[in-house]
Each structure stands twice: as C-alpha cells, then as structure tokens.
Amino acid sequence: MPSKLRERPVPDAATLRSRRAFARRQWARRWLTWKYVLAGLLLVALVAGGAWLLWFSSVLAVKQVEVSGAGTLGADQVRAVAAVPEGEALASVDLTAVQARVQALADVRSAQVTRHWPDTVTIDVVERTPVAVVEIGGRLRGLDVEGVVFRDYRTAPDGLPRVETPADTGRDALQEAAGVISALPGDIADKVDHVEVATVDQISLELRDGRTVIWGSADESDLKAEVLDALLPQEGSTYDVSVPGQPAVRP
C-alpha cells in the first residue's frame, strides 16, 4: 500500500508575520554591515583620488607665474630668478625657496610668494627706493633708507643727493646717512651738495654755497633739521647741530 506523504502544517498568520519580521531584521543587520564597508571604500577612493589630483595630476600643476610690483627689474627677470618649476604640482612648489631666490636680488626689498589654485604661483615684489646716490669703487650706486647699496647708475639721477664715503664704510654708517637724508625737509635738502660719511656718528652736510653742517649721527634728525633751519640765516661757515640742544655756529 503506498505511503501517504506527510502534509506540512500551514503556518498561521502570526507565525508568518514573525518570520517576515525576523527576515527584515536579518537583512537590516547585513545592510548595516555592508553600509559601513561601502562607506569605508568610498572614503579610501576619495582620499586616493584627491591625493592623485593634488600631487600627480596635470589639472593642478603650475601653468603660470604672475609677478606684480616689478618695475625696474621687470617681470621676466623676476620669473627667471624665481625658477618656479612649471608643470610641477602646485602643492609641491617650495614657496619659501622661491621667495629666498627673489629676495636675493639687490633691487628687491621684500617679496611674497603665494599659491593661487588651480595652477598659478603669484610673486608680489616690493622694490628698493633710492634716497641717495653713493660712489663706491668708482661706481655710482643707489642707496635706500635701510642703508642697502643697490642698482648702478651711469650718471646721478636728478633729485637724489650724493653721499661721499670711504670705500670701507660699513652698512651701519650708510644706514645712518640714509636716515639723515630722509629726515631733511625739502628746503634744506635743496641746499645740500653732498653728504659726507666717515662713521655712524660722523656725518656732515656740504651745502652748495660752501658751508658745512656737522650733523653727527642720525639720532634726533628731525630736531636737528629744525635747529639748522633756524641757524642758517646766521653768518658762518660751519654749523654744528650734532647736539641739537647746544648748537654752534663758527665763522
């Protein structure tokens, strides 16, 4: 006699709901696990892609070098000295080294180098401004307010006073002389033929009419200029304002 197949009992509605809830919980747990895995993989991909874009892609490589503030020097000369490697990743350009190379130029007082994304290095230059002309070793050179000697001249430019000094005069003495010149008001500066510098505290003015002004150091130069302005109408050949509280006029 053939055996009868055992019929499976049909689950009731409550059992079905329980099984479906269990399946949903299992699926939710698996999805939560995979969600963290996928998020991690996505983060790794983003970091790797960003690193490639930043350091190896030509998209963010140096394509141009912009120069501002270069008047006497010229932008091309600054670019040549800066030697920014075009085609290199912008992020890897050594801005400090570029700045040091530019600031090594005698005519440059300061320079600032910055990155401008996606592909530009900008160099902002502040050039030195001459306040006088000094002859050193037979060469006419510009002298700025910091006592730095720079730039050659064939002939002295109009409007710049002349400084005469021994060849071994140090920068400190030249800086003192520049401070004196910068402090002279226009009406006195127009009377000066040249400035003689021996040491930091032995500076004198030779006027166009042959008179001499003993100035001393650059200390209290503004006060010395006021005292000298009051003394010049007096007859004399030498005016000593090195101690402005005790000026002297000698015949």
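Let's start with helix α3: its buried residues pack against α2 (75–82), β2 (108–116) and β3 (120–127). Keep in mind, everyone, that we are looking at a predicted model.

Which residues of α3 are buried? In this helix, which covers residues 95–103, they are Leu95, Val98 and Val102. If you look down the axis of α3, these buried residues fall within an arc of 60°, so they line one face of the helix.

Now, on to the cores. The largest nonpolar core has 29 residues. Val163, Val195, Leu205, Val213, Trp215 and Leu228 are the ones with the most contacts inside it. Several elements supply at least two residues each to this core: the strands β4 (130–136), β8 (192–199), β9 (202–207) and β10 (212–216), together with the helices α4 (171–183) and α6 (221–231). Which element gives the largest share? That is α4, with six residues.

Apart from this core lies another one, of 19 residues, and Ala82, Val113, Val121 and Val125 are among them.

Let's zoom in on tryptophan 215. Setting aside neighbours within four places in sequence, its contacts include Val180, Leu184, Ile203, Leu205, Ala225, Leu228 and Val241. Ser204, Ser221, Lys224 and Ser242 are also in contact with this tryptophan.

Last stop, the pockets. What is the volume of the largest pocket? It comes to about 210 Å³. Among the residues lining this pocket are Ala156, Pro157, Gly159, Leu160, Arg162, Asp190 and Arg208. By type, the lining divides into six nonpolar residues, one polar and four charged.

Technical notes. Residues numbered from 1 in each chain as written. Predicted model: local features only at pLDDT ≥ 70, side-chain atom pairs only at ≥ 80, totals over all residues. Heavy atoms only, no water. Core = buried A, V, L, I, M, F, W, Y, C linked by side-chain atoms within 4.5 Å. Buried < 20%, exposed > 50% of the residue type's maximum accessible area, 1.4 Å probe, protein only. Helix = DSSP H or I, 4+ residues; strand = E, 2+ residues; numbered from the N terminus. Contact = heavy atoms within 4.5 Å. 1 Å grid on protein atoms, 1.4 Å probe; cavity = no way out; pocket = protein on both sides within 12 Å on 5 of 7 lines; lining within 4 Å. Points joined across faces, edges and corners; volume = space filled by probe spheres on them. Nonpolar A, V, L, I, M, F, W, Y, C, P; charged D, E, K, R; others polar. Arc of directions from axis to C-beta.
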